[in-house]
Amino acid sequence: MLQRIAFVFFIFFSAPALAACDVPIKFASLTWESGQFTSAVLRLIAERGYQCKTTEVPGSGPAQENALAQNDIQVIGEVWVGRSDVMNKALEEKKAEMVGDTLKGGAQQGWYVPDYVWEQNPELRSYKDLERFSSLFLDSASGRKPRFMNCPSGWTCEIFNTRLLHTTGLDKTYDNVHPGTGAALDAEISSAYEQKKPLLFYYWQPTGLMAKYKFKALEFPKNESECWNSLLEKDGDKNCVTGFPVSNLSIAVSTPFKEKHLDLMQFFGKIQFTADELNGAILQMTENKRDGTAQAELFLKAHPEVWKKWVSADAAENLQEWTGQSVATSTIFPDWSIENGLNSGLKSVVGKYGESFRQVSGFITRYLLSPTVQVLSAIPSWLLILATAILAWHSTRSIIFAVICAIGLFVIGAFGLWTALLQTLALLICAVILTVIIGIPIGIFVAGRPRVYRVLQPVLDIMQTMPSFVYLIPVLMLFGLGNVPALFATIIYAIAPLIRLTALGILQISREMHETGTAFGTNRWQMLRWVILPLAKPSIMAGINQAVMMSLSMVVLASMIGAPGLGEQVLEAVQTLNVGQGVQAGGAIVILAVIIDRITQAYGNRRRTR
């Protein structure tokens, strides 16, 4: 009887503990190295030490923070305290809690230059010296002004860096460059460092690049909290200059999770890495191409003296048993990879010929992209709207469609997106012109050479089916941030259908038409001009239509590597979770796409029906 009572008593009081991990814990899947590593350490210890099941949920930072406030995600493994309005609101409403201090001494941030720039210019030590040394940061790929590499649009650091440029007066001297993503910023810094070129940029640690390269921070005044809080406001009016605060890194958890998992809260409150430990782990991840989980597993097995200070005795025993196990995995697949070869090859090309590519980038910017933007900007908005309406009527012979086009463009301007529209339109025009100049001759060439066309077919297949993001990587490293890499990536992506449809239109011309042209004594060029191209024109126009639409889709994606325009507005909306901005910018893109698609289709269809 006593045994039964004891058993019931044990079950009653231990049930909450046993049920603490009855459902998987949802961790935010973070995209930066330190966040990936820290989250993986938390997950592995929760799984192996505390016997909990976990899962990861991807998403942008603001989206994950909103999900945490709603308990759709329970843990965000690394948060910069006080940097996010979304997180601050969740904390105020008691929907989330901050636990622990994961980096001893806090995270550093500031304006940096590479170490070789620091050593070669001993008088460049402070932000006050940037005015005198502005010519040092001129780049052959940039315009007339030197560049300051800011944070991606929509990040909190982008706001205070922009404000700090203004309050220091450096915005009159330096061009404020916004990379589309953190990866694009990293690629630009890596490219400059490999070429030993001067670069002024904002950065932070712990990160992979801080572990890989040596940077020097420029001196600023001591941090003043009142001035700093003003700089964090996009519309702030306080004209002051302050240094950067040291930010604490913490773990964000949902309030229901905290109340349910008291044992894990004790562990979360104790976990802390030194700067050397975290930077070393990030460096190993970068050099060995490991993900956060693989690196965290190696760290836990190599440093039991570190994690034993964090966990309970039972969890430590479970972890000790797990880390002592060695599981041999067998597979039928060999360990093949082209990753290292491609990366080293691209790195070599950037180091040897990077300056040449940058000069090409600067030439295209000065003599093609910038003049196009200037011409479009010089046209009065009402005249551009009227010209588009006339073109729409001429192509479709529809007054209603012409009026709709005019209204659509007017709505874009009313949304305050007219400048962004012109930037997108300029890049689209340049991309389509170059695509047509290159694609149609290639299509004509391969149409008369079946063997060459058969060899080219797999290449075109790859160009069309390769994820468009892949094109952004090499062109970014070679040409730098901005419109030029977006231009080349767009051409590569959009040229394949134009080549195919041009060749198809020519190959579909009957033999009788060729014989008729020959019978009238036409030579090769006369045959091409008066017979082949007119008969193949419907197919060629369809190819141009496809090239235009694919160019437009790629132009939007190119905002990830710093191309301005409507795509940048959409990307910023995604990163800040601004639904209204996203709908407005997305709607503008839809309007532009419909106008272009209907006009180009109409011209092709008119020719086909004659």
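User: Happy to start with a detail: what makes Lys-196 worth a look, and which helix does Lys-196 follow?

Analyst: In this predicted model, Lys-196 comes after helix H7 and has a positive phi, near 55°.

User: How do you know that the length of H7 agrees with a helix of 13 residues?

Analyst: Good one to check by hand! H7 covers residues 182–194, and at 1.5 Å a residue its 13 residues should span 18 Å. The end C-alpha atoms of H7 are 18 Å apart, so the two values agree.

User: Why is H7 called mostly covered?

Analyst: A residue is called buried when its relative accessible area is under 20%. Eleven of the 13 residues of H7 are buried, so H7 is described as mostly covered. Among them are Gly-182, Leu-185, Ile-189 and Tyr-193, along with Asp-186 and Glu-188.

User: What makes a set of residues a nonpolar core, and how many residues has the largest one?

Analyst: The members must be buried, nonpolar by the list used, and joined through side-chain atoms within 4.5 Å. The largest such core has 164 residues, and Ile-45, Trp-111 and Phe-267 are among those with the most contacts inside it. Ile-45, for example, touches residues including Phe-267, Trp-310 and Leu-319. A second, separate core has eleven residues, including Leu-30 and Met-87.

User: Which residues does UniProt list as transmembrane region, and what is the chain like there?

Analyst: The unreviewed UniProt entry lists several segments, including 373–392 and 399–419. Residues 373–392 are 90% helix and 0% strand, with end C-alpha atoms 22 Å apart. Residues 399–419 are 86% helix and 0% strand, and their end C-alpha atoms are 27 Å apart.

Terms used: Residues numbered from 1 in each chain as written. Predicted model: local features only at pLDDT ≥ 70, side-chain atom pairs only at ≥ 80, totals over all residues. Heavy atoms only, no water. UniProt positions renumbered as here; feature names shortened; annotations may be inferred. Helix = DSSP H or I, 4+ residues; strand = E, 2+ residues; numbered from the N terminus. Expected span 1.5 Å × (residues − 1). Buried < 20%, exposed > 50% of the residue type's maximum accessible area, 1.4 Å probe, protein only. Contact = heavy atoms within 4.5 Å. Lists of a residue's contacts leave out its neighbours within four places in sequence.
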